Amino acid sequence: MNSMGIILKAVIIIVGVFLLGDAVFSLAKRRMTESFCLMWGLVSVLTIIGGCIIRPSRLSALISPVSFVIILIIFFLLVYIALFFSRAISELMRKNTELAIRLTLLTQEKDEIREELEKIRKSEENISESVEDDNKNG
């Protein structure tokens, strides 16, 4: 196996380990939701296994070292973009859930205030009726 093949295997395995560590860290720090962390964990394990299994024996015959570096840079950018979007979507999902909870609490509080207002109105009506009755009788 040539040096580019060894470098490719090492890069794939290192990226897989990095993704696994990032998935666990993101789950611990609540940066991503559990479903995204599970997906990234699965992708990272598959990446590590793929890096161990592949045998790029004729890689240097197919692409030049400059093309190899460009492909690696593009690969890293795509992984970074995917992680960025996963985190952004997770944050939006968390905020959406929080807003739904707040809306539910506000609705419940509004209903309680409305019930209390109705009780006050009824008691005022009863008081005004009793005052009118006293005025008529007195």
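I'm calling it a salt bridge when a side-chain nitrogen of Lys or Arg sits within 4 Å of a carboxyl oxygen of Asp or Glu. The model is predicted, so I kept local features to pLDDT of at least 70 and side-chain atom pairs to pLDDT 80 or more, while totals for chains, interfaces and linings use all residues. I number residues from 1 along each chain as its sequence is written, and side-chain values use heavy atoms, with hydrogens and water left out.

**Overall fold.** I looked up the helices (DSSP runs of H or I, at least four residues) and strands (E, at least two), numbered from the N terminus. I got four helices and zero strands. The radius of gyration, taken over C-alpha atoms, is 32 Å, well over the 14 Å of the globule rule for 138 residues, so the protein is more spread out than a compact globule. That rule is 2.2 Å times the number of residues to the power 0.38. The C-alpha box is roughly 115 × 25 × 15 Å along the principal axes.

**Salt bridges.** I count six. In one of them, Arg-87 meets Asp-22 at 2.5 Å between the closest N and O atoms. This pair joins helix 4 to helix 1 (residues 3–28), 65 residues apart. For cover I use relative accessible area: buried is under 20%, exposed over 50%, partly exposed in between (1.4 Å probe, protein chains only). Asp-22 is buried at 10%, and Arg-87 is partly exposed at 21%.

Next I checked Glu-118 and Arg-121, whose closest N and O atoms are 3.6 Å apart. Both lie in helix 4, three residues apart, about one turn. Glu-118 is partly exposed at 36%, and Arg-121 is partly exposed at 44%.
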